[in-house]
Structure formats: C-alpha cells, structure tokens
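Subject: Structure for you to look at

Hello,

Here is the structure I promised to pass on. Please open it and keep it beside you as you read.

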Amino acid sequence: MGARPPEPTDSRELADRAERAGDMVAAAAALRAVVEREPGDARARLRYARALAASGRVDAARRALAPLEAPGHALAAEVNRVSAALDEADETWMAGALQE
C-alpha cells in the first residue's frame, strides 16, 4: 500500500487543490483565510473574488474586489476584467429572470 500524500495545511495549497478539483466553494473558503490573514495581498484578494464569482457569489465577489478598485492600482487591468465579467453575469441573470 502506498503512503498517501500529507494533507495540505497552507490555505493557498488548499485553494490550489480545490481549484484543480473544480470545487470553487472550497477554493473560496481557503482563499478567504489567506485574505483575512494577509489583507494587503492583492493577488490573493483577486483570486478570492474570482473563486467567489465562479461559485455563484457575485455580490460577495464585488465586495472582495472593492479594495482593489482604486485608480492606478497595480492590478487594475485584471480587476477591470473581473468586474466586467461580474457585470456580464448580472446581465445574463437579469435577462433570464425577465424571461421567466
């Protein structure tokens, strides 16, 4: 019998594994821990927002992005892309809701 790999203890590693498995809810939970521990880590916050959006939590994703929306932020282009995708998701949902 082969030894199982050790369980990850680092939240980033947990997020990596969850993303690879397609479990964006678990990825968001792990990334939330990273953002809470390191609130200034813009890349982790952006990744957290993406995971929230992928798990259907668009409003939470917008709140996660808010601190990164300052003009001239180093990740402004990426933040704008994620914000645009969130806008598109909202429009798609609204169009579907109006057709029901």
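This is a predicted model: local features need pLDDT of at least 70, side-chain atom pairs count only at pLDDT 80 or more; totals for chains, interfaces and linings use all residues.

**Helix α3**

Start with α3, which covers residues 42-54. It has 13 residues and spans 18 Å from first C-alpha to last, close to the 18 Å expected. At its start, a side-chain oxygen of D41 comes within 3.3 Å of the backbone nitrogen of R43. After the helix comes G56, with a positive phi near 90 degrees. Several α3 residues are buried, including L46, Y48 and L52.

**The core**

The largest nonpolar core has 25 residues. L46, Y48, L52, L65, L68, V79 and L86 have the most contacts inside it. Helices α1, α2, α3, α4 and α5 each give at least two residues to this core. The largest share, 7 residues, comes from α3. Look at L68 too: beyond its sequence neighbours within four places, it touches A42, R45, L46, H73 and V79.

**A buried charge**

R45 sits in α3. What is the nearest side chain of opposite charge to R45? It is D41, 8.3 Å away. A salt bridge needs the nitrogen and oxygen within 4 Å. R45 is buried and has no salt bridge. Its side chain does have a polar atom 3.3 Å from the backbone oxygen of A64. Leaving out neighbours within four places, R45 contacts V35, P39, A64, P67 and L68.

**Salt bridges**

Side chains of opposite charge can pair when their charged atoms come close. The whole structure holds 10 salt bridges.

- E38 pairs with R12, with the closest N and O atoms 2.9 Å apart. E38 is in the loop between α2 and α3 and R12 is in α1, so the pair ties together parts 26 residues apart in sequence.
- E78 pairs with R43 at 3.2 Å, N to O. This links α5 to α3, across 35 residues. R43 is exposed, at 53% relative accessible area.
- E78 also meets R50, at 3.6 Å, N to O. E78 lies in α5 and R50 in α3, so this pair joins parts 28 residues apart. R50 is partly exposed, at 39%.

Shared partners also join R12, R37, E38 and D41 into one network of salt bridges.

**One more spot**

Find M24, in helix α2. M24 and S55 are 31 residues apart in sequence, yet their C-alpha atoms are 5.4 Å apart in space. Setting aside neighbours within four places, M24 contacts E19, A51, A54 and S55.

Best wishes

Notes. Residues are numbered from 1 along each chain as its sequence is written. Side-chain values use heavy atoms; hydrogens and water are left out. Helices (H or I, at least four residues) and strands (E, at least two) are DSSP runs, numbered from the N terminus. The expected span of a helix is 1.5 Å times one less than its number of residues. Buried means under 20% relative accessible area, exposed over 50%, partly exposed in between (1.4 Å probe, protein chains only). A polar contact is a pair of N or O atoms within 3.5 Å; within protein, one must be able to donate a hydrogen and the other to accept it, and residues adjacent in sequence count only if both atoms are side-chain atoms. Lys and Arg count as positive and Asp and Glu as negative; His and the chain ends are not counted. Contact means heavy atoms within 4.5 Å. A nonpolar core is a set of buried Ala, Val, Leu, Ile, Met, Phe, Trp, Tyr and Cys residues joined through side-chain atoms within 4.5 Å.
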